[in-house]
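Welcome! Please take a moment to look over the sequence and the model before reading on.

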Amino acid sequence: MFDKVDLSVSSYDTTWVAMVPSPNSYQDPCFPECLNWVLDNQLHDGCWGLSHHHPLLIKDTLSSTLACVLALKKWGVGEQLHKGLDFIVSNFHAATDENQQTPIGFNILFPSMLEYAKDCNLNLRIRQAELVTMLHKRDSELKRELSSNSEDCRTYLAYLSEGNGNLQKWEMVMKYQRKNGSLFNSPSTTTAALSHLPTTGCLNYLRSILKEYGNAVSTVYPLDIYARLCMVDSLERLGIDKYFKEEIRSVLDETYRYWLQEEEDIFLDSTTCVMAFRLLRLSSYKVSSELYKASQIIIHPNELALEKQKSWLTHLLKEQLSNGVMRADRSNILISQEVDDVLKFPLCANLDHCTRTLKTSYRSKNLGNEDFLNLAVEDFNLCQSIHQEELKQLERYIILLAPINDMVGCGEQIRQTKFARQKKHYCYFSAVAGLFPPELSEARITWAKNSMLAAVVDDFFDIGGSNDELVNLIQLLEKWEVNVALRNTIVGVGEKVYRWQACSVTNHVIEIWLDLVKSMFLEAEWVRNKSVPTMDEYMTNGYVSFALGPIVLPTLYFIGPKLSEDIVGSSEYSKLFKLMSTCGRLLNDIQGSEGHQARKAECCCVAYDRTNGATTEKDVIRELKVKSEDTRRELLKSVLQTKGSVIPGDCKDLSWKMIKVLHLFYMKNDGFSSQHEMDGAVRLVIQDPIILQ
């Protein structure tokens, strides 16, 4: 599958190759085998194109059929011509149907072919008014494109050369010729150039495709780099990349070699370039800045080009959605939904398909592979069944958390809360989102237990305990005389880690919890005394009080690699934790607008105002978002850094996965504290199995 890229044959492009005259005699085709293919491959309803064509791809079929009819008329062969004309007439209404999927350049190419058919005295049986309307629309679009002096417009018109031959400046078009002799790797564009400006390069390119396919051509060739990258992207998105590590590494190594060689098939195709950039950078290959998803992989502060492109593309995509440019047919609904998802769920919130429209449609077993999809569904449902069993285990842990008032005798107030924020499903969902594979069961259970306990302790400091009770909790923890839930959690982690890593980490885990409760106490004092820290004081304490320490750090011991005392005590370890937690703290403060979170957010805003002189809360929030983005980039840079790194890659990856989870939870507001914000996501991941229709 990775070795060979499979592409369907294109009726449209094959027929344009069939129309190329022989250099020895303009009365004969240069590639008679392609003409024979056209004669042999008309479908039963009179059209040419993909078999079982989709009802929303009639424009594509009309374009291919008209091109084939023109080829038969040109060479004066075949009775199929009349049946093809019948299909065009009976389906002509689709040519102006805005709900149909429109191939690239259709509004220029199709009217131009109609005009050519008229010049050839083909009886199209189309009303003159309809033809005039289409030609006027084509001329308006051509005029608009020709009046523009942008490189994009020149490239677009060059790609559609077969549709504007009389207006085309062929010397200008030839500057787009690639090393393989083609123009844009497009057989139809290349044949147009060959017909008007014969070159050996164009001829050799077409011969090379026919050597590959025999008697027909695909709509784009070659497509190897793009197709293989799509496969890698699909495997990662489907969550089954763990089964193809060797193949993925081979593809990325090859792509990186091409990147360093500045291969045309990467750098002259924006879609391929963006995908290569994203996949290579997230796999720690050293690639420079070259599209929206790529712009989200900024890790260096001087990559302003990506920053500007991200801002511009975000604005453009939002404008396209709001203006209804992406129309309401099923295909475009899917595209619109994908765009909407990208805007709502950027890469950093996407918890781990490729759509491409050219002049005509094509199929590839490498893209949208059904075997991959079936494997992904089977793997997901298997993992989900394991997750559901683990969730039942957590029910027993909740019983230990129920007598929380015994921790220090915190009283009636916290008993009446019924642990509103003790959300088993949310805590476990965050664990599953970052640690999905079935073999990471201990890591998920550790994460979820500590997450639930941290939520309860957080509530205790925010709304449950008096000052004396808070001080008492800290003292009890220092003496190791704590509540059974906290003791059992810490001891349980220590015992399990000893079995995994053959080292004692109980004291380390106690220190993590002690740091947390002390930071929470200081935060509670600020709120109670209405004192305002500086921003540095607030963030120095706040990244610890965000409570990722007890959740993430003990979990690292269960990821797989050995973690020595030197690694745990390294500056890199501390830096990763601080960056991850700072980003989380900022996201929480930005979205914390209800209940006790509002008091924390207000404290953050006042601290920032005092330190930086911001005038309004809106200004503060904007600056905090910038700071959050800068922190996220710095974290990603640290995660991807390999030179001089002492922390195992799997452990570093968990920091980035945590950030993706946090972005998901804080997408609109505080999803963890919200009653129902995350219910849909939890249900889809943990409860509802996937059933293929």
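The report below goes from the whole chain to its salt bridges, a cavity and a surface patch.

**The chain as a whole**

Keep in mind that this model is predicted. The chain has 693 residues, and 53% of them are buried. Its secondary structure consists of 32 helices and zero strands. The chain exposes about 32000 Å², of which carbon and sulfur atoms supply 51%.

**Salt bridges**

Side chains of opposite charge can pair when their charged atoms come close. Across the whole structure, a search finds 28 salt bridges.

| Pair | N to O distance | Location |
|---|---|---|
| Asp-233 and Arg-278 | 3.0 Å | helices H11 and H14 |
| Arg-444 and Glu-390 | 2.8 Å | helices H21 and H18 |
| Glu-629 and Arg-632 | 2.7 Å | helix H30 |

Asp-233 and Arg-278 meet in a salt bridge. Asp-233 belongs to helix H11 (residues 224–238) and Arg-278 to helix H14 (residues 270–282), so this pair ties together parts that are 45 residues apart in sequence. Both Asp-233 and Arg-278 are buried.

Arg-444 forms a salt bridge with Glu-390.

**A cavity inside**

Which helix gives the largest share of the lining of the second largest cavity? That is H28, with four residues. Helix H28 (571–591) and helix H31 (649–665) each supply at least two lining residues. The space in this cavity is about 90 Å³. Among the residues that line the cavity are Val-552, Tyr-573, Phe-577, Ile-647 and Lys-652. By type, the lining divides into nine nonpolar residues, one polar and one charged.

Leu-238, Leu-373, Ile-690 and Leu-692 make a nonpolar surface patch of about 290 Å². Ile-690 is found in the segment after helix H32 (679–687). With a relative accessible area of 36%, Ile-690 counts as partly exposed.

Glu-264, by contrast, lies in helix H13 (residues 264–267). Is Glu-264 buried or exposed? Glu-264 is buried, because its relative accessible area is 18% and the cut-off for buried is under 20%. The C-alpha atoms of Glu-264 and Arg-178 are 7.5 Å apart, although 86 residues separate them along the chain.

Notes. Residues are numbered from 1 along each chain as its sequence is written. This is a predicted model: local features need pLDDT of at least 70, side-chain atom pairs count only at pLDDT 80 or more; totals for chains, interfaces and linings use all residues. Side-chain values use heavy atoms; hydrogens and water are left out. On a 1 Å grid over the protein atoms alone, a cavity is a set of points where a 1.4 Å probe fits but cannot get out, and a pocket is an open set with protein on both sides within 12 Å along at least five of seven lines; lining residues have an atom within 4 Å of a point. Grid points are joined across faces, edges and corners, and a volume is the space filled by probe spheres set on the points. Ala, Val, Leu, Ile, Met, Phe, Trp, Tyr, Cys and Pro count as nonpolar, Asp, Glu, Lys and Arg as charged, and the others, Gly among them, as polar. Patches are made of residues with over 30% relative accessible area and no salt bridge: like charges are joined within 9 Å, nonpolar side chains (Val, Leu, Ile, Met, Phe, Trp, Tyr) within 5 Å. Accessible areas come from the Shrake-Rupley method with a 1.4 Å probe; for residues, only the protein chains shown count as cover. A salt bridge is a side-chain nitrogen of Lys or Arg within 4 Å of a carboxyl oxygen of Asp or Glu. Buried means under 20% relative accessible area, exposed over 50%, partly exposed in between (1.4 Å probe, protein chains only).
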